[in-house]
Amino acid sequence: RLVESGGGLVQAGGSLRLSCATFSSESTDYNMAWFRQAPGKEREFLAAIDWSGTNAYYEPSVKGRFFISRDNVNYMVYLQMNSLTPEDTAIYYCAGDLNWGRIMTDMNEYWGQGTQVTVSS
């Protein structure tokens, strides 16, 4: 089970940190990722981190603004988002999969319900 939190309304240029609670020690075996879906658009991959937290990968459009991290002691995954723009308005989802090859796709094994992020201009 994955539960996202931390979304909300923020002004352009601001920052938010999203959290994803995994509630299970098994999650430390899983690669984790963040996606988002804006109104009328397909869900898009943003960032992924491997099970150990050693390796991360970012969609080029957010690289340098968004940072993914994880806390395997407390079974949490985070997405720090900086320099937000109205184009970042979307529902943000965390996802998890044992297979790194799937982590950037819609084929992840586990998905959260999403948290809304709205950036005002």
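A strand, labelled E and at least two residues long, is a DSSP run numbered from the N terminus, and a residue is called buried when its relative accessible area is under 20%. With those terms in hand, this briefing on a predicted model begins with strand E11, residues 115-120, which has a covered face made of Thr115, Val117 and Val119 and an uncovered face made of Gln116, Thr118 and Ser120. It then turns to the aromatic pairs, of which the structure holds five, to the salt bridges, of which there are also five, and finally to Arg70, which is buried yet has no salt bridge.

**Strand E11 and its partners**

- Strand E2, which covers residues 8-11, runs parallel to E11 and is joined to E11 by four bridges; Val10 has Val119 as its bridge partner in E11, and Val119 belongs to the covered face of that strand.
- Strand E9, which covers residues 90-97, pairs with E11 in the antiparallel sense over three bridges; here Ile91 has Gln116 as its bridge partner in E11, and Gln116 belongs to the uncovered face.

**Aromatic rings**

- Among the five aromatic pairs that the structure holds is that of Phe35 and Phe45, whose ring centres are 5.6 Å apart and whose planes stand at 75°, so the pair is edge-to-face.
- Phe35 lies in strand E4 (residues 31-37) and Phe45 in strand E5 (residues 44-49), so this pair ties together parts that are ten residues apart in sequence.
- Both partners are on the buried side of the cut-off, because Phe35 has a relative accessibility of 1% and Phe45 has a relative accessible area of 8%, while buried means under 20%.
- Phe35 and Phe45 also belong, together with Tyr57 and Trp111, to one aromatic cluster.

**Salt bridges**

- One of the five salt bridges is formed by Arg36 and Asp88, whose closest N and O atoms are 2.8 Å apart; the pair links distant parts of the chain, with Arg36 in strand E4 and Asp88 in the loop between strand E8 (76-81) and E9, 52 residues apart.
- Arg36 counts as buried at 8% relative accessibility, and Asp88 counts as buried at 1%.
- Asp88 also forms a salt bridge with Arg65, with the closest N and O atoms 2.8 Å apart; Arg65 lies in the loop between strand E6 (56-58) and E7, and the two residues are 23 residues apart.
- Through salt bridges that share partners, Arg36, Glu44, Arg65 and Asp88 are joined into one network.
- Arg43 forms a salt bridge with Asp106, the closest N and O atoms being 3.5 Å apart; Arg43 lies in the loop between E4 and E5 and Asp106 in the loop between E9 and strand E10 (110-111), so this pair ties together parts that are 63 residues apart in sequence.
- Arg43 counts as partly exposed, at 26% relative accessibility.

**Arg70, a buried charge without a salt bridge**

- Arg70 lies in strand E7, residues 66-71, and the nearest side chain of opposite charge, that of Asp50, is 5.8 Å away, whereas a salt bridge would need a side-chain nitrogen within 4 Å of a carboxyl oxygen.
- Leaving aside neighbours within four places in sequence, the residues in contact with Arg70 include Ser27, Tyr30, Met32, Asp50, Trp51 and Val77.

Methods
Residues numbered from 1 in each chain as written. Predicted model: local features only at pLDDT ≥ 70, side-chain atom pairs only at ≥ 80, totals over all residues. Heavy atoms only, no water. Buried < 20%, exposed > 50% of the residue type's maximum accessible area, 1.4 Å probe, protein only. Lys, Arg positive; Asp, Glu negative; His and termini not counted. Contact = heavy atoms within 4.5 Å. Pairing = 2+ DSSP bridges. Phe/Tyr/Trp six-rings, centres within 6.5 Å; stacked < 30°, edge-to-face > 60°.
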